[in-house]
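Welcome, and please have your viewer ready. We will go from stop to stop, selecting residues as we go.

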Amino acid sequence: MSEDLIGLIVDLCEKEAIDLVQKKIDAGGDPLKILEQIRTAMTKVGEKFESKEFFLPDLIMSGEILRQITEILEPKLKADIKAQSLGKIVLGTVFGDIHDIGKDIVKFMLESNGFEVHDLGVNVPKEKFVEKIKELDAKIVGLSGFLTLAYDTMKETIEEIKNAGLREKTKIMIGGGQINEDVRKYVGADSYGKDAIEAVALAKEWISE
Ligand code: B12
């Protein structure tokens with residue numbers, strides 16, 4: 001069955017993919033498994049874009065399908081939302097990058113687990129992160145980025161946080177398609193998360209320190 005959903009997304013069959021997700025959810029399917037399948041599908045879409053089999057409109061279409069799927073999954077993932085706030089998190093996609101689907105999944109997973117997330121959106125200048133951290137006295141920051149150029153912006157953002165004297169007081173996690181340990185070291189973040197589940201695990205770990 002999983003192959004079906006992946007295939008439908010990669011073939012950009014919008015209606016069929018969305019109907020299948022709705023069917024899976026109605027039948028009590030695990031939204032986290034669906035998220036995993038989305039990841040596989042989007043990797044394939046990305047490969048097709050790289051090999052010039054897909055062009056920008058196809059990428060936009062895949063993003064649109066994804067957005068609709070995450071809208072279906074969101075209430076399921078939020079089903080057991082907790083009333084209390086575990087802590088404040090400033091989140092955003094760094095300057096120069098407008099990819100927000102992965103960030104938005106991280107946002108609602110953090111919220112579902114009781115965190116108060118302040119989402120700055122996409123293409124966020126480094127100064128805006130600093131401003132928000134100060135305003136909220138936030139202890140955790142999440143930087144998202146899917147483009148290679150985002151690594152430099154993440155690095156600059158973390159330097160800006162450091163220059164503002166806030167680095168010692170904040171824990172910074174990064175994430176997004178290609179992010180790995182090498183990128184983490186390069187940008188100077190505390191940790192990276194490969195998906196929203198890891199983002200939640202990190203936030204929980206840091207908040208209890
Ligand atoms: C959809 C898509 C788009 C959509 C984005 C729609 C949107 N609203 O986000 C659109 C069409 C707008 C787009 C535009 C572009 N894109 Co694009 N896009 C993609 C694609 C296919 C999927 C990305 C996605 O949403 N994945 C789905 C999510 C769910 O992915 P995920 O990784 O599983 O998400 C998890 C983790 O990343 C993690 N996570 C995410 N953020 C964070 C943050 C923290 C703190 C933590 C801990 C974890 C975390 O948790 C998420 C949830 O579990 C990728 C290919 C790919 N494989 O990533 C290319 C890709 C990222 N795009 C690419 C490119 C080149 C572009 C463009 C430059 C194209 C162009 N010529 O204009 C523009 C960039 C514009 C800009 N300035 O940002 C390249 C980047 C190459 C590079 N090395 O830089 C990729 C890799 C495609 C490719 N293989 O060539 N794109």
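**First stop: a serine and its surroundings**

Select Ser 144 and show what it touches: leaving out neighbours within four places in sequence, Ser 144 is in contact (heavy atoms within 4.5 Å) with Gly 92, Thr 93, Val 94, Lys 103, Met 154 and Gly 175. This is a predicted model, where local features need pLDDT of at least 70 and side-chain atom pairs count only at pLDDT 80 or more, while totals for chains, interfaces and linings use all residues. Residues are numbered from 1 along each chain as its sequence is written, and side-chain values use heavy atoms, with hydrogens and water left out.

Ser 144 belongs to strand E3, residues 140–144 (strands are DSSP runs of E, at least two residues; helices are runs of H or I, at least four; both are numbered from the N terminus). Is Ser 144 buried or exposed? Ser 144 counts as buried because its relative accessibility is 7% (buried means under 20% relative accessible area, with a 1.4 Å probe and protein chains only).

**Next: the lysine partner**

Now select Lys 103, in helix H5, residues 101–112. With 2% relative accessibility, Lys 103 is buried too. Beyond residues up to four places away in sequence, Lys 103 touches Ser 144 along with Leu 91, Gly 92, Thr 93, Asp 119, Gly 121 and Val 122.

**Last stop: a ring with a charge over it**

Pick Tyr 186 and Lys 155: Lys 155 lies over the face of Tyr 186, at 4.8 Å from the ring centre (the rule asks for NZ of Lys or CZ of Arg within 6 Å of the ring centre and within 35 degrees of the ring normal).

Note on methods. Buried means under 20% relative accessible area, exposed over 50%, partly exposed in between (1.4 Å probe, protein chains only).
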